Each structure stands twice: as structure tokens, then as C-alpha cells.
Amino acid sequence: MKIIRTASYEEMSGRAAGILTAQVALKPNSVLGLATGSTPIGTYKQMIAAQKAGLVDFSAAVTVNLDEYAGLEPTHDQSYRWFMQQNLLNHINILPQNTHVPQGTAANLDEECARYEALIAGYGGIDMQLLGIGHNGHIGFNEPDDCFAPITHKVSLTQSTINANKRFFESADDVPRQALTMGIGTIMAAKKVLIIASGAEKADILSRAFCGPVTPQVPASILQFHPDVTLVADADALAGFPQ
Ligand code: F6R
């Protein structure tokens with residue numbers, strides 16, 4: 001694993017955006033796996049700036065997002081499709097038909113998971129997957145469990161994730177109880193993984209995930225077995241790593 005230690009969130013965002021835009025510059029039809037959450041917002045801002053400056057062209061690129069809440073319309077302001085449109089996709093020259101997020105309002109969620117997994121395979125897999133990390137080590141909506149989920153699947157959110165996400169809704173009761181997420185196997189099949197983290201509150205989980213044992217109780221720990229992982233994190237998040 002390559003570790004890039006930055007002094008600040010802004011620097012982390014710039015380094016991550018540089019890696020993603022270099023991927024697209026080298027392979028214009030790259031399939032980028034993308035994440036939502038607060039961590040990638042700065043990365044997306046820098047990707048938008050790079051495109052506006054003419055440094056990268058997304059017109060042949062494809063995006064596939066990690067996850068989506070079950071039951072939220074794409075126009076719901078807490079849906080992950082809405083997040084992606086607002087924070088990145090509306091502002092770059094990517095073709096709308098080349099952007100994909102699992103459909104949380106599909107009539108049959110199991111069929112939607114199978115369709116999504118097949119869609120990724122049809123593109124030849126993910127070239128670079130961007131990830132954040134949850135406080136419990138989740139990646140996508142893959143929560144601590146007794147085994148690693150192989151493919152895109154439907155999950156019930158844990159109370160810890162409902163609590164973490166309720167700040168975005170009027171109340172905890174409004175947080176959807178289910179979601180669709182790429183599996184750990186889907187993520188591990190990506191050719192490259194780029195994981196970003198910022199702030200002291202991620203220090204404990206980052207060291208458990210990357211300096212501790214590989215276990216499905218810390219889903220991100222499986223990335224220790226991926227052959228091409230880059231971790232870009234600020235010094236606060238890396239406080240538990242050897243200096
Ligand atoms: C979002 C996602 C989640 C987040 C994680 C960290 O698509 O897959 O696993 O990456 O919850 O979220 P933030 O960045 O808000 O700390």
C-alpha cells in the first residue's frame with residue numbers, strides 16, 4: 001500500500017483529485033468507482049477545477065457509485081444520486097448516460113443489485129475505486145459482519161450508521177433502513193483503490209484497518225490484500241501509523 005501523508009484536508013483533496021484526473025488522462029474511458037460522504041467533497045471540487053482549467057476531459061469516462069439508499073428518489077436531496085449530481089457530475093463534461101448509481105427505488109432491489117453487478121462487469125470492471133471509510137471500518141455500506149459480502153447486495157443499516165447519518169435528515173426516523181451497496185468482492189476486483197481520510201476522528205479506525213488483523217469485523221481491513229491501494233490521508237487521520 002502506498003501512503004500519502006498530507007498536512008491538511010485541502011492537500012488531501014488536491015492529491016486525490018490529481019490521482020483520479022491522472023487516471024482519466026492516461027485512460028480517457030476509465031471506469032471510476034466513486035463515493036459519497038463528506039470526505040470526497042473537496043476532491044470533487046478539485047476535479048471540477050481541473051476540468052474547467054482544461055487539464056482533464058471526462059467525455060469518455062464512466063462513473064459507478066458505491067451505494068445508494070433504498071427508497072429515495074434520485075431527486076431526494078439525501079439520495080446519493082442527488083449528492084453526485086450536485087457535487088461533481090453536473091459540473092464536469094461527463095455524459096449523463098455514463099454515470100451510474102444503484103437505483104434505490106427499483107421495484108425489485110435484488111434484481112437491481114444483480115443488474116448493477118453485471119453493468120460493472122460489462123464495462124470490464126472498475127479501473128480506480130475511490131473510497132472513504134466509516135468510523136466502524138465500513139466501506140460502501142459494507143458494515144462489520146461475520147463474512148465479507150462478495151457482490152452488490154441489499155443491506156440493513158446498523159444503528160451506528162443510522163446515528164452517523166441522521167444529521168442529514170430531519171430525524172433518525174427519516175433515515176432509510178436499507179441500502180444497496182457494491183460488495184467487498186466488487187470493490188476488491190477494482191484494478192486500483194484510492195482511499196481518503198481526514199481528521200483525528202478517523203485515526204483509530206485507519207490504524208485498526210491497515211495496521212491490525214484482516215477481519216470482516218473491520219471491512220476496510222480486506223484492502224491489505226489488494227495489490228494496488230493508495231491511502232491519501234492527513235496527518236491527524238494518520239496519527240496511529242508509524243511516523
Ligand atoms: C459513501 C460511502 C461510505 C462513506 C463513509 C465515510 O458512498 O460509501 O462508506 O465513505 O461513511 O463517510 P464520510 O466521508 O462522511 O466520513
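Rings of Phe, Tyr and Trp (its six-membered ring) are taken to pair if their centres lie within 6.5 Å, with planes under 30 degrees apart counted as stacked, over 60 as edge-to-face and the rest as tilted. The model is predicted, and local features need pLDDT of at least 70, side-chain atom pairs count only at pLDDT 80 or more, and totals for chains, interfaces and linings use all residues. Residues are numbered from 1 along each chain as its sequence is written, and side-chain values use heavy atoms, without hydrogens and water.

Four aromatic pairs are found in the whole structure. In one of them, the ring centres of Tyr69 and Phe141 are 5.6 Å apart and the planes stand at 50 degrees, so the pair is tilted.

Around the ligand there are 14 residues (a heavy atom within 4 Å). Ser38, Thr39, Asp67, His138 and Lys202 come nearest. The shell comprises four nonpolar residues (Ala, Val, Leu, Ile, Met, Phe, Trp, Tyr, Cys and Pro), two charged (Asp, Glu, Lys and Arg) and eight polar (the others, Gly among them).

Oxygen atoms of the ligand lie 2.8 Å from a polar backbone atom of Ser38, 2.7 Å from a polar side-chain atom of His138 and 2.6 Å from a polar side-chain atom of Lys202. Of the 410 Å² of accessible area that the ligand has on its own, the protein covers 88% (Shrake-Rupley method, 1.4 Å probe).

Definitions and conventions: A polar contact is a pair of N or O atoms within 3.5 Å; within protein, one must be able to donate a hydrogen and the other to accept it, and residues adjacent in sequence count only if both atoms are side-chain atoms.
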